[in-house]
Amino acid sequence: MKLIFERSIQGRGCAILPPCDVPVTSLPEAMVRKEPPKLPQVGEIDLSRHYTQLMKQTHGVNDGFYPLGSCTMKYNPRVNEEAAALPGFRRIHPLQPEETVQGCLEVLVTAEELLCEITGMDRMTFQPAAGAHGELTGLLLIKAYHHHRQDTARTKILVPDSAHGTNPASAAMAGYQVVSIPSGPDGCVDVEALRKAAGPDTAGLMLTNPNTVGLFDRNILEITQIVHEAGGLCYYDGANLNAVMGIARPGDMGFDVVHLNLHKTFSTPHGGGGPGSGPVGCKELLVPYLPIPLAQRDGAGGYRLDWDRPLTIGAVKDFYGNFLVVARALTYILTLGREGIPEAAENAVLNCNYLMTRLKDVYDMAFDTGCMHEFVITLARQKKELGVTAMDVAKGLLDHGIHPPTMYFPLIVEEALMVEPTETESRETLDEAAEAFHEIYRTALSDPELLHQSPLHTPVRRLDEVAAARNPRLQYHFPD
Amino acid sequence: MGSYVPSTPAQRQQMLESMGLSSMEDLFRQLPEEVLLRRPLNIPSGCCEMEALGKMETMAAKNTVFSSIFRGAGAYDHYIPAIVKSVTSKEEFLTAYTPYQAEISQGVLQSIFEYQTMICQLTAMDVSNASVYDGATAAAEAAAMCRDRRRTVTYASAACRPMTLRVLETYCFSAGTPLVLIPEKEGRTDLEALKELMDPAAAACVYLEQPNFYGQLEEMEKAAGIAHQAGAKFIAGCNPISLGILTPPGEYGADIAVGEGQPLGLPLSFGGPYLGFMAAKSALTRKLPGRIVGETTDVDGKRAFVLTLQAREQHIRREKASSNICSNQALCAMTAAVYLSAMGAQGLAQAAALSMSKAHYLAAELEKIPGFQRKHQGEFFHEFVTGSPIEPEALMKSLEKEGILGGLPLNGAYKGCILWCCTEKNTKAQIDRLVSIVKEVAEK
């Protein structure tokens with residue numbers, strides 16, 4: 001389809017702003033832009049139809065099943081959007097006096113109190129804008145903690161080899177060396193390897209539990225104890241909290257600091273890649289280092305922003321984080337409440353086990369035990385025997401209107417497909433998906449070439465990614 | 001209580017039984033006994049949709065929505081065309097994930113490609129990424145792009161926004177690299193001092209904002225020259241609306257242009273979500289953090305778009321990635337693109353000229369009141385600092401009673417001063433009313 005620039009007609013536009021009602025000022029010639037930017041010249045109807053066409057070429061959770069492992073693509077309730085659209089939130093300037101933003105501060109404080117109870121943490125900041133941003137923030141708390149104690153020899157962060165790529169990347173950004181801890185044959189942390197790696201240079205450990213193969217690490221208490229005994233701190237990557245919220249808490253597993261992905265676990269929409277929100281909660285020992293400002297109760301029934309935190313790591317983002325995302329998540333938590341939070345976790349695990357069980361007859365599971373909220377299929381055998389890869393199966397699913405699982409992750413599993421159904425899918429949807437997986441398997445046996453050609457019925461078909469990277473065209477080239 | 005689980009209790013039981021399980025507890029057998037919570041969460045019971053919305057409405061009602069806003073300082077109350085919200089609330093865009101599966105994500109991918117093009121046009125730079133979290137983190141990520149083993153020092157002007165400086169400081173602490181503040185003189189960056197400060201062996205980059213925190217326009221070309229002289233890169237933090245009329249960073253020697261994209265159609269929202277835009281000269285393409293969308297073709301030769309140059313990114317490079325960023329602000333980037341398309345170059349220039357003219361009118365009117373003289377004499381865009389003969393907070397309180405959010409009372413060296421802002425939304429009538437109230441309060 002056309003780019004918006006290709007719809008542009010010289011002289012066309014929308015009438016948005018009024019004429020100037022005060023004397024017009026002008027700038028010295030040297031500061032004035034000579035060439036106007038080549039922005040589209042379109043009417044509102046052009047614009048409206050353009051984006052409607054783009055919309056039709058976009059698959060969201062609300063369009064169909066989206067079992068993208070690790071991303072917790074649950075349904076995004078509309079009431080959250082309505083709450084976030086209230087003028088009393090949308091039209092509030094971040095630098096208004098505190099007495100005029102009591103409602104916003106109440107949102108932050110209430111969300112903090114609820115999420116601290118859910119995670120077993122003492123305080124929380126909402127400043128981080130996404131999961132990876134939360135990781136960086138959490139690691140900086142750990143760094144500040146060690147620095148404050150003059151314990152500067154701690155230069156290493158331990159990260160399991162099954163971890164999300166953001167974990168080692170965040171550790172490097174926080175100035176740490178990354179030590180990769182191997183997984184055992186059961187897919188969990190190799191405790192002996194961890195014991196060997198932990199020592200006086202260990203600043204901390206980053207861990208997801210349940211981990212990225214969808215297993216709850218049974219040795220979790222031993223793991224956090226080993227790190228603590230070595231003088232390190234334990235960081236919980238909350239990407240997979242959906243499996244255990246209301247059932248078990250990172251704080252009770254021995255973690256000192258956690259980040260959450262409100263855009264995963266707490267149902268806020270992903271927006272095609274953001275905005276998200278990655279709040280960071282911590283135990284008392286790290287509270288002094290939390291970013292400023294921190295919203296809190298003022299002791300007189302109101303709320304205030306605390307800027308006076310002498311040991312703070314500073315600020316990781318402007319203002320108070322992605323506030324409207326927090327407002328959406330709060331709406332969700334208030335809706336689910338004490339009963340609904342564990343119910344969501346239970347059904348996420350139920351749906352996951354159900355789908356895994358339905359696929360086990362033809363697909364190999366990377367770890368064939370019960371799973372938590374996600375499971376990992378390995379296509380290693382099909383690749384060898386039939387030449388059908390994880391990519392082929394994923395692309396085959398596109399023709400069934402299903403967003404494929406996460407491909408080729410975790411790295412410790414060959415030809416991996418990581419499936420996370422979430423609790424908001426019905427049994428019928430899971431049955432239909434299982435049937436689609438089975439049909440693809442039958443095609444793999446009878447006509448593997450067809451799968452190599454897939455998808456056939458999408459707006460575009462497989463893309464030449466190599467050409468895209470080799471000869472990057474990163475913006476539209478305007479005709480002369 | 002509320003729930004978004006569609007399976008009925010009977011279905012759940014059937015599903016359990018189909019797997020030979022009897023209860024939900026059986027699903028959690030992997031968990032060691034010691035970590036199970038074994039009690040209900042100590043949070044309120046759930047509620048239905050109507051009640052949940054009611055609770056949120058009650059909180060929202062405790063905030064004051066001002067009908068007339070003269071405060072900026074990093075968040076600007078520009079007019080948002082109606083089409084912007086209608087496009088960005090489409091469920092497909094709202095509920096999609098990062099467009100990993102290009103075949104069913106062309107809508108999001110093309111919208112980002114168009115956004116990248118518009119940012120390149122706006123800044124006159126060669127390449128833009130798909131966005132980062134906000135203007136402050138964009139500045140911090142840009143500084144990281146410029147550092148290497150030898151060149152580690154970031155120089156930032158004291159005339160930058162205080163929060164941006166704080167974020168830069170935190171990111172520098174993170175990387176273990178020095179941040180040097182360039183002093184401010186008469187509301188602008190002291191470029192003579194910068195010359196003195198620059199260490200040609202270790203300087204990585206120089207960061208200035210245009211306009212700066214005080215609304216003043218900096219000598220960007222000269223600053224870029226000083227940076228380059230010392231072998232450092234020059235990073236410009238720009239207000240995107242101002243680029244409708246101001247010389248773009250690509251034309252005064254910036255190596256990287258960043259900024260807060262909030263003015264481009266994003267509501268104030270108590271500070272977020274906003275949008276960090278980032279554009280660079282082509283030599284720095286592979287150092288850019290975050291997602292980048294490129295054009296290619298599919299197997300049928302059809303034009304298509306895809307996430308590209310991923311060898312920079314965390315999911316491929318892990319600890320060697322150019323940044324840890326994964327989620328960005330995609331929907332905010334789309335918002336900016338719709339805004340820029342609705343406005344066009346002409347509309348954008350109009351928004352800039354209106355904002356600037358109104359700010360100059362306000363400044364002139366305020367200066368007629370004794371004690372409200374401007375603190376700086378340089379050229380300014382849509383913000384400026386005045387003194388105040390009365391305590392700024394007290395003045396603001398009087399304005400608030402009239403439904404007006406006045407300028408921002410400043411701290412530090414500017415204690416007792418006020419940072420004012422205008423946008424195209426401030427009508428002459430609003431400005432005149434503001435000025436008459438200020439006059440009345442000041443003369444009391």
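**Exercise 1. Strand E2 of chain A**

Which residue in E3(A) does A:Pro160 stand opposite?

*Solution.* 
Step 1. A:Pro160 stands opposite A:Ile181 in E3(A). The model is predicted: local features need pLDDT of at least 70, side-chain atom pairs count only at pLDDT 80 or more, and totals for chains, interfaces and linings use all residues. Residues are numbered from 1 along each chain as its sequence is written, while chains are lettered from A and ligands numbered from 1 in the order in which they are written.

Step 2. Identify the strands. E2(A) covers residues 156-160, and E3(A) covers residues 177-181. Helices (H or I, at least four residues) and strands (E, at least two) are DSSP runs, numbered from the N terminus.

Step 3. Count the bridges. Five bridges join E2(A) to E3(A), and the two strands run parallel. Strands pair if DSSP finds at least two bridges between them.

Step 4. Check burial. Five of the five residues of E2(A) are buried. A residue is buried if 20 or more other C-beta atoms lie within 10 Å of its own, exposed if 12 or fewer, and partly exposed in between; C-beta atoms are placed from the backbone.

Step 5. A:Lys156, A:Leu158 and A:Pro160 are buried on one side. A:Ile157 and A:Val159 are buried on the other.

**Exercise 2. The two chains overall**

*Solution.* 
Step 1. Chain A has 15 helices and 13 strands. Chain B has 13 helices and 16 strands.

Step 2. The C-alpha trace of chain A spans about 75 × 65 × 45 Å along its principal axes. For chain B the box is roughly 85 × 55 × 50 Å.

Step 3. A compact globule of 480 residues would have a value near 23 Å; chain A has 25 Å, so the two agree.

Step 4. In chain A, 62% of the 480 residues count as buried. In chain B, 62% of the 444 residues do.

Step 5. Look at contact range. Two residues are in contact if their C-beta atoms, placed from the backbone, lie within 7 Å. Among contacts in chain A between residues at least 6 apart in sequence, 73% join residues at least 24 apart.

**Exercise 3. Domains**

Find how each chain is divided, and describe the contact between its domains.

*Solution.* 
Step 1. Domain bounds come from an automatic or database domain assignment. Chain A has domain 1 (79-335) and domain 2 (342-466). Their centres, over C-alpha atoms, are 30 Å apart.

Step 2. In chain A, 18 residues of domain 1 meet 17 residues of domain 2. The domain 1 side holds eight nonpolar, eight polar and two charged residues. Ala, Val, Leu, Ile, Met, Phe, Trp, Tyr, Cys and Pro count as nonpolar, Asp, Glu, Lys and Arg as charged, and the others, Gly among them, as polar.

Step 3. Chain B has domain 1 (68-77 + 345-443) and domain 2 (82-338). Here 21 residues of domain 1 contact 20 residues of domain 2. H11(B) gives the largest share of the domain 1 side, six residues.

**Exercise 4. Interface and core**

*Solution.* 
Step 1. 166 residues of chain A are in contact with 169 residues of chain B. Helix H10 (residues 323-359) of chain A gives the most to the chain A side, with 22 residues. That side has 93 nonpolar, 46 polar and 27 charged residues.

Step 2. A nonpolar core is a set of buried Ala, Val, Leu, Ile, Met, Phe, Trp, Tyr and Cys residues joined through C-beta atoms within 7 Å. The largest has 318 residues; among those touching the most other members are A:Leu141, A:Val326 and B:Ala143. H11(B) supplies the largest share of this core, 24 residues.

Step 3. Leaving out residues up to four places away in sequence, B:Ala143 touches residues including B:Thr154, B:Leu168 and B:Ile235.

**Exercise 5. One residue**

Is B:Ala227 buried or exposed?

*Solution.* 
Step 1. B:Ala227 lies in helix H9 (residues 220-229) of chain B.

Step 2. B:Ala227 counts as buried because it has 26 C-beta neighbours inside 10 Å.

Step 3. Beyond residues up to four places away in sequence, B:Ala227 touches B:Val206, B:Ala232, B:Lys233 and B:Phe234.

How values were computed: The radius of gyration is taken over C-alpha atoms; the globule rule is 2.2 Å times the number of residues to the power 0.38.
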